Amino acid sequence: MKIIISLFIVVLSSSINFAQTIIPLPKIMVIPFTKDGEDLRTILDENINSRIAITKIKEGFDTRGYTTVDFVGKLKSAKDNQIFTSDNQNDIKSKIIEMAGCDIYVVAEVDTKSDNAGTSASVIISSYDTSTGNSLSNKVSNSGKFETGDIGRLISKAVDKCMEEFIATINLKFTDIIKNGRSILIDFSFAENSIYNMASPIGNDELALSDVLEEWFSSNSFNNNYHIQGTTNLKMIFDDVRIPFKDKNQNNYSPNKFALEIFKYLKEIGLNPSKEIKGSTVYLTIN
């Protein structure tokens, strides 16, 4: 017998004392992941093991002082307000995460197996920064084999064995985000018929566009923290640009917001850009 259970844990922010310093730390919402053919809106109704796993992981954070958000409540609210406009599972997940104001999501898989030697449950948990998709923490845990048909107990045992270390790693990575910013990649290129390139003189000082861009990133990246992967006549890549965790109004600061700031600046200096955002990567094309 083999049962696969996959979950998404979505993490927001709270404040507790960690390493003797008050810092924002995750607030949790657990969401079941759906395989092909499964519906995120109904999976909990049909799978008791999924409900057990969600509850156990939620309890793991609750007992360590975290505040958790009820996924079922968020789902009901989304249904009542007719938030879902399609049956696309990625769209449904994104809408729920958006409603929750997520900072981090965690994917957890539980694989249970039975043979003549007994039954075991393995838990694989991976966390990601929701705004960028960057990996934060990964953990694998196994309950060990037992002669029992109580799958829920095995799932609970596997979760208990890994939660302490898993949460500790999240705390460290989340603290780094607060102190040093989120890491994103910015890719500049030119449209085929563009009259510009990275050597084009820009502004009153007639600096090369590549120099103008580096000056902007020096002033606008979080704590002047950025890295240039490389520059050619037709391309410039900033592969580790740090952006703040929150904006001045304490709202979540995403790659979309940073991309908009770059977009507006390029317009200000007389360029005609277009932009595309995929996770933690921003593509800017100068027409």
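Predicted model: local features only at pLDDT ≥ 70, side-chain atom pairs only at ≥ 80, totals over all residues.
Residues are numbered from 1 along each chain as its sequence is written, and side-chain values use heavy atoms, with hydrogens and water left out. The score here is pLDDT, the predictor's confidence in each residue, from 0 to 100. For the protein chain the mean is 85, with 91% of residues at 70 or more. Helices (H or I, at least four residues) and strands (E, at least two) are DSSP runs, numbered from the N terminus.

Let's begin with the sheet. It is open and mixed, with five strands in the order β10-β11-β7-β13-β12; two strands pair if DSSP finds at least two bridges between them. β10 (228–231) and β12 (273–278) are at the edges with a single partner strand each, so one side of each has no neighbour in the sheet. On average, neighbouring strands are turned by 20° against each other, direction ignored.

Now walk across it. β10 and β11 form a hairpin with three residues between them; they run antiparallel and are joined by three bridges, with Gly230 opposite Ile237 in β11. Next, β11 is joined to β7 by seven bridges, again antiparallel, and Ile186 has Phe238 in β11 as its bridge partner. On to β7 (residues 182–190) and β13 (residues 281–286): this pair runs parallel, with six bridges, and Leu185 stands opposite Thr281 in β13. Helix α7 packs on the sheet, touching β7, β11 (235–243), β12 and β13, and its direction makes about 170° with that of β12.

Axes are lines fitted to C-alpha atoms, for helices over the stretch in contact, and angles run from 0 to 180 degrees between N-to-C directions. On the α6 side, Val212, Leu213, Trp216, Phe217 and Asn220 meet Phe258, Glu261, Ile262, Tyr265 and Leu266 of α7, contact meaning heavy atoms within 4.5 Å. These residues split into eight nonpolar, one polar and one charged. Here Ala, Val, Leu, Ile, Met, Phe, Trp, Tyr, Cys and Pro count as nonpolar, Asp, Glu, Lys and Arg as charged, and the others, Gly among them, as polar.

Two other helix pairs are worth a look. The axes of α2 (residues 48–62) and α5 (residues 151–180) come within 9 Å and cross at roughly 30°, which means α2 is roughly parallel to α5. Their contact includes Ile52 and Phe61 of α2 and Ile155 and Phe166 of α5, and its residues divide into ten nonpolar, four polar and two charged.

Helices α3 (residues 71–80) and α4 (residues 89–100) pack at about 105°, with axes 10 Å apart, so they are roughly perpendicular to each other. Among the residues in contact are Phe71 and Leu75 of α3 and Ile96 and Met99 of α4.

Technical notes: Parallel < 35°, antiparallel > 145°, perpendicular 65-115°, else oblique.
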